[in-house]
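Open the structure in your viewer and keep the selection tool at hand. This tour goes stop by stop.

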Amino acid sequence: MQTFLKGRRVGYWLSEKKMKKLNFQAFADLCRKRGIEVVQLDLSQPLEEQGPLDVIIHKLTDLILEADQNDVQAVLLVQRVQDYIDAHPETIVLDPLPAIRTLLDRCKSYQLIHRIEDCMQDERICSPPFMVLNTECGPDTLEQIRQHGLTFPFICKTRVAHGTNSHEMAIIFSEEDLKDVKPPCVIQSFINHNAVLYKVFVVGESYTVVERPSLKNFPAGQADRKSIFFNSHNVSKPESSSDLTSRENVEGVSQPPNDDVIRELSRSLQQSLGVSLFGIDVIINNLTGQHAVIDINAFPGYEGVPEFFNDLLNHITSVLQRHSPDHPPTSEQPKGLVSKQTPSTMVPNPTPPAPGCCSMLGKEASSSPWIVEGDGGLKGPRQRLGCNSAVSPNFQQHCVSTIATKASSQ
């Protein structure tokens with residue numbers, strides 16, 4: 001057991017539903033085995049009396065939304081947390097409340113993603129155009145949609161990216177169907193992606209990619225068909241199977257996401273927001289092979305990530321070690337974000353491709369889409385692909401071979 005962990009205190013606040021879904025008690029038990037005390041916070045009481053706290057883990061999204069709607073009790077509870085954070089800047093917060101507010105607003109998170117893509121200048125990434133509609137559609141709405149670069153069909157989503165209603169969406173196919181748009185909302189061009197969604201679950205310096213069902217392909221342009229209303233959570237469940245997720249019309253590019261792209265997107269989001277626990281929904285454009293980010297989630301459910309608790313504890317250990325007076329900073333650079341497939345070996349960052357976002361891909365990236373992650377050595381039994389299905393044995397073998405080659409070259 002690392003001596004610097006002994007006596008450290010981690011406070012957490014999660015809803016009862018979240019704790020049960022994650023089986024968070026198992027994480028608390030894991031921490032205690034490392035000498036870390038885990039405390040469930042009571043926000044109805046002063047946090048000073050429950051401290052000191054070295055780390056705070058929370059999912060305050062419901063309370064933040066209620067506070068932003070001027071719910072007096074929620075305002076008090078959120079302010080109580082913020083006051084403690086302000087009074088104890090040494091406390092590590094997973095994650096900062098301002099960053100959570102950004103991720104709760106689809107407009108702000110989409111703006112951030114587009115700014116990140118502009119900075120990355122990577123032709124392998126091109127997220128769909130979007131716009132916010134705050135009022136009912138009028139005579140000039142169609143022209144506004146065109147000016148923002150949107151095309152039919154497009155997805156209509158709530159602006160708030162949390163809660164049951166946030167999963168209720170619609171596909172709008174024509175000008176006639178604009179009456180089905182219910183503001184305030186965000187609309188986003190639909191990109192055909194062969195009914196496959198890649199959910200990227202990030203925990204500190206590691207992440208896992210999990211493949212899920214998604215919406216089937218639709219013809220581009222306006223179509224004489226009624227709007228489709230659906231629940232995105234139900235559509236993308238691992239066992240989901242319906243006409244909406246049919247893969248009968250799969251065509252064009254069908255490939256998993258490129259690890260370099262996912263790593264850079266994740267790292268850029270971390271650097272921009274200071275977040276450690278988040279999810280990215282990525283699709284692959286079946287015409288161009290480009291990666292498109294269609295949503296970002298604060299502290300997601302981490303379904304399909306069996307090593308979540310170990311990853312979270314390793315991240316907490318890492319940040320505590322960096323803040324420990326017994327472990328002064330070294331000249332070494334911090335580890336970069338790496339794919340959670342196996343134990344950790346860093347791969348040098350690739351040279352950024354030439355500018356040209358939203359242009360057609362001239363060639364596929366030559367690098368392997370998966371690398372090694374962990375504590376410095378290869379451990380065969382822990383090697384796994386982030387995707388949980390639909391990966392050919394040949395591709396798996398290629399990945400393991402490439403992982404071993406890159407690892408041995410470091």
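What follows is a walk through a predicted model, with something to select at each stop.

**Start with the whole chain**

Show the protein chain as a cartoon. It has eleven helices and 14 strands. Now colour by burial. Of the 410 residues in the chain, 53% are buried.

**Select helix H4, residues 72-87**

H4 has 16 residues. From its first C-alpha to its last it reaches 22 Å, close to the 22 Å expected at 1.5 Å a residue.

Which residues of H4 are buried? Show the side chains of Ala74, Leu77, Val78, Val81, Tyr84 and Ile85. These residues sit on the same side of H4, because they cover an arc of only 120 degrees around the axis.

On the face away from the buried side you find Val72 and Asp86, both exposed.

- strand S3 (55-58) and helix H3 (61-68)
- strand S4 (92-94) and helix H5 (97-103)

Asp71 caps it. One side-chain oxygen of Asp71 lies 3.2 Å from the backbone nitrogen of Gln73.

**Select the nonpolar cores**

In soluble globular proteins, nonpolar side chains tend to be buried together. Here, the largest nonpolar core has 47 residues. Within this core, Leu43, Val200, Leu269 and Phe278 touch the most other members. H4 gives the most to this core, with six residues.

Centre on Phe278. What does Phe278 touch, not counting residues up to four places away in sequence? Its contacts include Leu103, Val200, Phe201, Val202 and Leu269. Also among them are Ile296, Phe299, Pro300 and Tyr302. Ser266, Gln270 and Asn297 complete the list.

Another core lies apart from the largest one. This other core has 31 residues, among them Val10, Val38, Ile57 and Ile316.

**Select the salt bridges**

The model has 16 salt bridges. Visit a few of them.

First, pick Arg8 and Asp54. They form a salt bridge, with the closest N and O atoms 3.2 Å apart. Arg8 lies in the segment before strand S1 (9-13), and Asp54 in the loop between strand S2 (37-40) and S3, so the pair ties together parts that are 46 residues apart in sequence. Asp54 is partly exposed, at 22%.

Next, pick Asp68 and Arg101. Their side chains meet in a salt bridge of 3.3 Å, N to O. Asp68 belongs to helix H3 and Arg101 to helix H5, so this pair ties together parts that are 33 residues apart in sequence. Asp68 is partly exposed, at 45% relative accessibility. Arg101 is partly exposed as well, at 30%.

Now go to helix H2 (residues 24-33), where Arg32 and Asp29 both lie. They are three residues apart, about one turn of the helix. Their salt bridge brings the closest N and O atoms to 3.3 Å. Arg32 is partly exposed, with a relative accessible area of 43%. Asp29 is partly exposed at 37%.

Then select Arg106, Lys157 and Asp295 together. Salt bridges link these residues in a network.

**Select Phe130**

Phe130 lies in strand S5 (residues 130-133). At 13% relative accessibility, Phe130 is buried.

Which residues is Phe130 in contact with, leaving aside neighbours within four places in sequence? Show Cys107, Tyr110, Gln111 and His114, which are among them.

**Finish at Thr317**

Thr317 lies in helix H10 (residues 308-323). At 7% relative accessibility, Thr317 counts as buried. Show its side chain together with that of Arg34: a polar contact of 3.5 Å joins the two.

Terms used:
Residues numbered from 1 in each chain as written. Predicted model: local features only at pLDDT ≥ 70, side-chain atom pairs only at ≥ 80, totals over all residues. Heavy atoms only, no water. Helix = DSSP H or I, 4+ residues; strand = E, 2+ residues; numbered from the N terminus. Expected span 1.5 Å × (residues − 1). Buried < 20%, exposed > 50% of the residue type's maximum accessible area, 1.4 Å probe, protein only. Arc of directions from axis to C-beta. Contact = heavy atoms within 4.5 Å. Polar contact = N/O pair within 3.5 Å; in protein donor to acceptor, adjacent residues only side chain to side chain. Salt bridge = Lys/Arg side-chain N within 4 Å of Asp/Glu carboxyl O. Core = buried A, V, L, I, M, F, W, Y, C linked by side-chain atoms within 4.5 Å.
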